[in-house]
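Here's a quick briefing to read with the structure open beside you.

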Amino acid sequence: MKQDVGLSGIETAVRERYAHASQEQEACLCVPSQGYDPRYLKVLPDEIIQRDYGCGDPSKWVREGETVLDLGSGGGKICYICAQKVGPNGKVIGVDFNQPMLDLARKYQKSVGDQLGYHNVEFRKGKIQDLKLDLDLLEAWLTENPARDADGYLRAQDRADVLSRERPMIGDRSVDVIVSNCVLNLVTPREKTQLFDEMFRVLKVGGRCVISDIVCDEDVPQELQDDATLWSGCISGAFREDLFLRAFEDAGFHGIRIVERSEQPWQTVRGIEFRSVTVEAFKGKQGPCVDHNQAVIYKGPWKRVVDDDGHTLTRGQRMAVCAKTFDLYRREPYRDEFYFIEPRVPVSAEDAKPFDCRANAVRDVRQTKGLDYDATTEAGPSCCGPEGCP
């Protein structure tokens, strides 16, 4: 039955529905996730598998030894899969604000770790759009200092500010990779920008997000946004597909790409198609631009492309780039798209000059070889074949 709700009631609707879903399986909550590697499911109890609600498998992109943050970790399925992928030298942190879901995840924390032979998973109570405030710590304080009136409420707010500042739930630049499975769309519209800013804050430089979520091909009209049942069912809060990618860009991410996209919509409401996508995005393009006489050659197949910083890269041309961009392109997701040209004589940090990345200039070959370069070399011994030259 349709339930109308204002923005202030979205969190309540989401919390209540997922609390119920932690106790009884609900078939209509997000897209049924498929394709998990069965090797990673063997240690999971049936209760967690049956209470899994998502639309993808971002754990596919997790690597050994990484620190992983799972936003909206629910019953812990993705966390326990990631725990096996990162191994004993890695770490997995699940964040959720729904107590029944946290209880389900924590219920099996020791038994799963015992089966693996190591314990590298922990679950923290908090909102994914506010990764500074640890709600477990705040609740412990409230137990000793209950808020019985307005003054008590204000003291609780002050305590929350102190905890966020002095004991943040997730610290700055502390995470290698953020994953999330069909949860970002549940955040209220006014907090979505804060959500992406928080993801950017907690990632290490060079870190990345791999986010599976529900997107739509048209704007969701206000009357559907006001429907609590559709909102908690991953419909009303869905990002428009192009705006989902732009949200990463606006937060400062680069290398943003869709790594999975369902061909058929999961659901269609009033002609609007809702489908699952998984997006990968990286942190680390910030910093000064200095010139070390380096160049990159874009391999193609496109005649010309533009990156997230506005560099225009023409196929086959030696494009001048700053040292920061040169190093960036040598990492994921760009490294296979370029040939990299270093100067014959390295430029020291002291001699490097500021570089204007807006120029989109071709690098003169003499800048990399040197103005006085006049070498002549003989052909290699193998140029005539094994029998030698005639």
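Predicted model: local features only at pLDDT ≥ 70, side-chain atom pairs only at ≥ 80, totals over all residues.

**Gln84 and the rest of the model**

The chain averages a pLDDT of 89, and 88% of the residues score at least 70.

**Around Gln84**

- Gln84 has a relative accessibility of 16%, so with the cut-off for buried at under 20% it counts as buried.
- A polar atom of the Gln84 side chain lies 2.9 Å from the backbone oxygen of Tyr40.
- Setting aside neighbours within four places in sequence, Gln84 touches Arg39, Tyr40, Val43, Leu116 and Tyr118.

**Strand S5 and its partners**

- Strand S5 (residues 203-216) is largely enclosed by the rest of the structure, because 11 of its 14 residues are buried.
- On the parallel side of things, S5 pairs with strand S4 (residues 175-181) over six bridges, and Ser180 stands opposite Ile211 in S5.
- To get from S4 to S5, the chain passes through helix H8 (residues 192-202), making a right-handed β-α-β crossover.
- S5 also runs antiparallel to strand S9 (residues 272-282), with nine bridges joining the two; here Ile211 has Val279 in S9 as its bridge partner.
- Strand S6 (residues 239-240) pairs with S5 in the parallel sense over two bridges, and Arg240 in S6 is the bridge partner of Cys216.

**Aromatic pairs**

- The structure holds 13 aromatic pairs.
- In one of them, the rings of Tyr298 and Phe338 have centres 6.0 Å apart and planes at 55°, so the pair is tilted.
- Tyr298 sits in strand S11 (residues 294-298) and Phe338 in strand S15 (residues 338-341), so this pair ties together parts that are 40 residues apart in sequence.
- Both Tyr298 and Phe338 are buried, with Phe338 at 6% relative accessibility.
- Phe338 also pairs with Phe340: the ring centres are 6.2 Å apart and the planes at 50°, so this pair is tilted too.
- Phe340 is partly exposed, with a relative accessible area of 27%.
- Elsewhere, ring pairs link Phe196, Phe200, Phe239, Phe244, Phe248 and Phe253 into a cluster.

Conventions:
Residues numbered from 1 in each chain as written. Heavy atoms only, no water. Buried < 20%, exposed > 50% of the residue type's maximum accessible area, 1.4 Å probe, protein only. Polar contact = N/O pair within 3.5 Å; in protein donor to acceptor, adjacent residues only side chain to side chain. Contact = heavy atoms within 4.5 Å. Helix = DSSP H or I, 4+ residues; strand = E, 2+ residues; numbered from the N terminus. Pairing = 2+ DSSP bridges. Right-handed = clockwise from strand over helix to strand, strands pointing away. pLDDT = per-residue confidence, 0-100. Phe/Tyr/Trp six-rings, centres within 6.5 Å; stacked < 30°, edge-to-face > 60°.
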